[in-house]
Amino acid sequence: MKLIDARKVTEEVKKLVMDANYFLPEDVMASLREQKKKEKWILATNTLGMIIENAEIAERDMVPMCQDTGMVVVFVEMGQEVHIENGLLEDAINQGIREGYEEGLLRKSVVGDPLNRKNTGDNTPGVIHYELVAGDALKIMVAPKGFGSENMSRLKMLKPSEGVEGVKQFILETVELAGPNACPPMVVGVGIGGTFDKVTYLAKKALMRRLEDYNENPYYAEMEKELLLTINAMGIGPQGFGGETTALKVAIEYFPTHIAGLPVAVNINCHATRHKEVTL
């Protein structure tokens, strides 16, 4: 049995939420620079240049790369041999969010009631997903999610007869409807299968994958590549100004589903695809 103090969790989450807002992941920065070299449309090239410069300033000065510092989504993989002492894991995570947003001077964007709209004042609670795994490690990934892109996400319960073409059509339609509102170049997370609730989790989790990684199933890996080419041929481009870089990645996660259903969800992330993780 491995004992992890709740305060240690709080300290790590506090650091993660600040770092996630200040530092764009290396794979995203590398992709933006590569796409800038490939762009033929001057406005797209210049826009990508400004996005890159913005991220570099954020990293240099340790300030948020975007004014929307997001609602914090947390993915927890907890080993069966781990025990949290001196407090509850969920309380420790939310305390880390609270301290990180206060000390990091990050915008507090969470309202405690979706209809009465009173701000909680500390960006809590986070949206926490738990997965129990083998071993004695605790892995925590935080992903501040801005709502410019979140609001462009969609879910549809397709009929099985609509098949793969129906799935592709829905994904492409969602990206086209999002257009410039999702602050492209975007990362497109896709969930296929499961249930009404499971498929949206899959789409969100897909956004956490490194850009160079593809689905382990060759069938879905090829679909990811095909959809990315089709999306970038739409001409929406960086920030909607036209060009060949509408998306940096399409990532698909799938799960078994019922004989009568074909759920599909699309969760879009803007170019500020923020996530940081730690393993304790």
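Buried area is the accessible area, with a 1.4 Å probe, that two parts lose on being put together, summed over both. With that in mind, open this predicted model and colour its two domains, domain 1 (2-20 + 65-145) and domain 2 (148-277), as the domain assignment gives them. Their centres, taken over C-alpha atoms, are separated by 25 Å, and between them the domains bury about 1,500 Å², of which 62% is on carbon and sulfur atoms.

Next, select Phe75, Met141 and Lys145, which supply 41% of the area that domain 1 buries against domain 2, more than any other three residues. Widening the selection to the whole contact brings in 19 residues of domain 1 and 16 residues of domain 2. Between the two domains there are five residue pairs in polar contact, and on the domain 1 side the elements giving two or more residues are α1 (6-22), β2 (71-79), β4 (127-133) and β5 (138-145). Strand β5 gives the largest share of that side, seven residues, and by class the side has eleven nonpolar, three polar and five charged residues.

Three salt bridges cross this interface. Separately, display the side chains of Lys139 and Glu277, which meet in a salt bridge at 3.5 Å, N to O.

Now move to Arg7 and Glu99, one of the 22 salt bridges in the structure, where the side chains meet at 2.8 Å, N to O. Because Arg7 lies in helix α1 and Glu99 in helix α4 (residues 89-103), the pair ties together parts that are 92 residues apart in sequence. Arg7 is partly exposed at 39% relative accessible area, whereas Glu99, at 18%, counts as buried.

From there, step to Arg98, also in helix α4, and to Asp122 in the loop between α4 and β4; the closest N and O atoms of their salt bridge are 2.7 Å apart. Arg98 is partly exposed, with a relative accessible area of 29%, while Asp122 is buried at 15%.

For the last stop, select helix α5 (residues 147-150). Glu150 of this helix and Lys204 of helix α7 (residues 196-206) tie together parts that are 54 residues apart in sequence, through a salt bridge of 2.9 Å, N to O, and Lys204 is buried at 10% relative accessible area.

Definitions and conventions. Residues numbered from 1 in each chain as written. Predicted model: local features only at pLDDT ≥ 70, side-chain atom pairs only at ≥ 80, totals over all residues. Heavy atoms only, no water. Helix = DSSP H or I, 4+ residues; strand = E, 2+ residues; numbered from the N terminus. Domains from an automatic or database assignment. Contact = heavy atoms within 4.5 Å. Salt bridge = Lys/Arg side-chain N within 4 Å of Asp/Glu carboxyl O. Polar contact = N/O pair within 3.5 Å; in protein donor to acceptor, adjacent residues only side chain to side chain. Nonpolar A, V, L, I, M, F, W, Y, C, P; charged D, E, K, R; others polar. Buried < 20%, exposed > 50% of the residue type's maximum accessible area, 1.4 Å probe, protein only.
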